[in-house]
Amino acid sequence: MICTPVLSPLTAELIPSMVAAAEVADRIELRLDHLADLDPHNPLPALAPVLAAAPKPVLLTFRPKEQGGARELSIETREAFWRAAVNLDAWAFDIEFDLYPSIIAALPDDHPAREKIIVSRHDFEKTPDHLADFCRDTFPADARRVKLATRVNNTSDTRRLFEQLERFKTEGREPIVIGMGMPGSLTRTLGPAHRATLTYSAAMDGTPSAPGQFSADELRNLFRVGATSPATTVAGIIGNPVNHSISKFIHNAAFRATGLDWVYVPVEVQSDGADLETFIRDFVHPKTKCVPWRVGGYSVTIPHKISVMKFLDRLTPTAEAVGAVNTIIVEGDELVGHNTDIDGAMIPLESMTTLAGARVAVLGAGGAAHSVVRGLTERGARVTAFVRDVEKAKSFGEKFGVDVFQQETFDGGGFDGLVNTTPVGMRGFSEESPVSPEKLVGLQWVYDLIYKPRVTTFLREAEARGITTLGGLDMLIEQAMLQFKAWTGLTPPPGVMQQAAREHV
Ligand code: NAP
């Protein structure tokens, strides 16, 4: 179930906010600690009419500041509030672990609130060590509904939260387990498939969502919360940062269109090798993983394309040749590193021009340039690289057998085509073109790997000179299609991935 918080500061705003949240959410959390006009000692007159108008079942929360709430609340005020509020007609009452014993002790044996309390514990700094002991000490044995929300600082924390989810279920509880922070987002996207009672979406009132949080619409329609189960195959993208990636839209659209019970999730893995090793070992490798789901495959992006190779059983010749992996394939109980960037980059270009014998200049010598230069030379193009640091790019030139020159010396007169593999022109990086327009004269075509924006200054200036242009979105889609085929053996219906990509660029 998806629960959407309502953080309105005024009681009068609660009903319209609930109506908006109810369009997608299964449950609505009223964060009453955000209400500035609520009398905590006499909450029933204000809240009873609100609950009577609730379009979906409601969870009430009244959290003190030191436990992540919006206002300072003494223990006496919290106690007075809950002693009254448990008589409201709500689906659940989220009561912090420190207050639970006194509230439950004061309730008559047959009071309906006894079955509705969620005992909650938050840690905004860390996921505590010895989590099993910590939870045993925190959650009384009679607490059936429990919520554990802790800061996830690395992949081990996420694994330990999934293990705790299993323990809670074995104990017969109805658990909510949330890993706060982007590295913990798997608990939000996949927890419900493994019987976490609910997952929280971002609020809908314009409050900025916390890292790792998704909108209710994304949880429902992108990550299929409510439709996923332990049988769902998990795929995803490993990177850092990773949340800006539009691959989640492209792959999930293709899974949906092909009717596969798969889900594709972003996974932020820290840049140090230890965290990547932990993720591959505990969440991906068929021989060692400790999560109960089937793994379909992973995309790999910056900064892990090279460092991931040592954790895989073998590489395809393509990945070997380029020296980087952007795709992990599961074959039996082995992990195979593959690279779809070469064909992904070349297929759109080959549909526009002939590469055999073409004189092609490539700007940059980074990760994408490796795939582009390899693809071009394989297809018989005569390649020259232009870079800002010739010394640094020396080994790149030697690896692929291409000449490397200072970028300022580039002149279109000596080439048929020019490929930009630098980030110059990318939204948020630069709005400039990597080459001045007069240097374009003589080129037949230009190719910019950047896809945000779809038409860069570089492409616009080339187009204005009658030069044929190609942007990076087609490569993004093509390499994703090749990944999809490698994982599933299927080809998605025409246009599905393209449409998903275009909608989100
Ligand atoms: P990367 O590994 O960091 O390489 C970037 C290259 O650009 C390096 O050679 C770097 O030189 C050079 N560079 C950076 N800033 C520069 C500047 N101001 N002037 C001149 N050269 C500069 O990055 P990448 O993974 O190759 O990605 C590069 C671009 O390709 C990004 O915009 C990315 O979005 C795009 N891309 C698109 C796709 C797609 O599917 N369409 C796939 C992959 C990448 P130094 O080594 O000197 O820093």
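A pocket is an open set of grid points, on a 1 Å grid over the protein atoms alone, with protein on both sides within 12 Å along at least five of seven lines. The legends below describe close-up views of a predicted model.

**View 1. The second largest pocket and its lining.**
The second largest pocket has a volume of about 530 Å³. Its lining is made up of 27 residues, and Arg31, Met180, Arg188, Ala210 and Gln213 are the closest to the pocket centre. Strand S6 gives the most, with three residues. By type, the lining of the second largest pocket holds twelve nonpolar, nine polar and six charged residues.

**View 2. Serine 201 and its surroundings.**
Serine 201 sits in the loop that runs between strand S8 (199–200) and helix H8 (216–222). Its relative accessibility is 0%, so serine 201 counts as buried, the limit being under 20%. The side chain of serine 201 makes a polar contact of 2.8 Å with the side chain of threonine 4. Leaving out residues up to four places away in sequence, serine 201 touches Ile2, Cys3, Thr4, Pro5, Gln213, Phe214, Ser215, Ala216 and Leu219. Gln213 also belongs to the residues closest to the centre of the second largest pocket.

**View 3. Threonine 199 in strand S8.**
Threonine 199 is part of strand S8. With a relative accessible area of 0%, threonine 199 is buried. Threonine 199 and threonine 4 lie 195 residues apart along the chain, and their C-alpha atoms are separated by 8.6 Å. When neighbours within four places in sequence are set aside, the contacts of threonine 199 include Met1, Ile2 and Cys3, along with Ile178, Thr187 and Arg188. Pro192, Leu219 and Val225 are also in contact with threonine 199.

**View 4. Nonpolar cores and tryptophan 82.**
In soluble globular proteins, nonpolar side chains tend to be buried together. The largest nonpolar core of this model has 101 residues, and Leu30, Leu60, Trp82 and Ile328 have the most contacts inside it. Helix H16 (residues 473–488) gives the most to this core, with six residues. A second, separate core has 26 residues, among them Leu355, Val362, Ala381 and Phe396. Tryptophan 82 touches Leu60, Thr61, Phe62, Phe93, Asp94, Ile95, Leu99 and Ile103, residues up to four places away in sequence not being counted.

Most residues other than glycine have a negative phi, and most peptide bonds are trans. The bond from asparagine 240 to proline 241 is cis, with omega near 0°. Proline 241 lies in the loop between strand S9 (233–239) and helix H9 (247–258). The bond from isoleucine 302 to proline 303 is also cis, with omega near 10°. Proline 303 lies in the loop between strand S11 (294–300) and strand S12 (314–315).

Histidine 130, a residue other than glycine, has a positive phi, near 50°. Histidine 130 is placed in the loop between strand S5 (117–123) and helix H5 (131–138). Its relative accessibility is 62%, so histidine 130 counts as exposed. Arginine 224 has a positive phi as well, near 55°. The loop between H8 and S9 holds arginine 224. At a relative accessible area of 16%, arginine 224 is buried.

Methods. Residues are numbered from 1 along each chain as its sequence is written. This is a predicted model: local features need pLDDT of at least 70, side-chain atom pairs count only at pLDDT 80 or more; totals for chains, interfaces and linings use all residues. Side-chain values use heavy atoms; hydrogens and water are left out. A nonpolar core is a set of buried Ala, Val, Leu, Ile, Met, Phe, Trp, Tyr and Cys residues joined through side-chain atoms within 4.5 Å. Buried means under 20% relative accessible area, exposed over 50%, partly exposed in between (1.4 Å probe, protein chains only). Helices (H or I, at least four residues) and strands (E, at least two) are DSSP runs, numbered from the N terminus. Contact means heavy atoms within 4.5 Å. A polar contact is a pair of N or O atoms within 3.5 Å; within protein, one must be able to donate a hydrogen and the other to accept it, and residues adjacent in sequence count only if both atoms are side-chain atoms. On a 1 Å grid over the protein atoms alone, a cavity is a set of points where a 1.4 Å probe fits but cannot get out, and a pocket is an open set with protein on both sides within 12 Å along at least five of seven lines; lining residues have an atom within 4 Å of a point. Grid points are joined across faces, edges and corners, and a volume is the space filled by probe spheres set on the points. Ala, Val, Leu, Ile, Met, Phe, Trp, Tyr, Cys and Pro count as nonpolar, Asp, Glu, Lys and Arg as charged, and the others, Gly among them, as polar.
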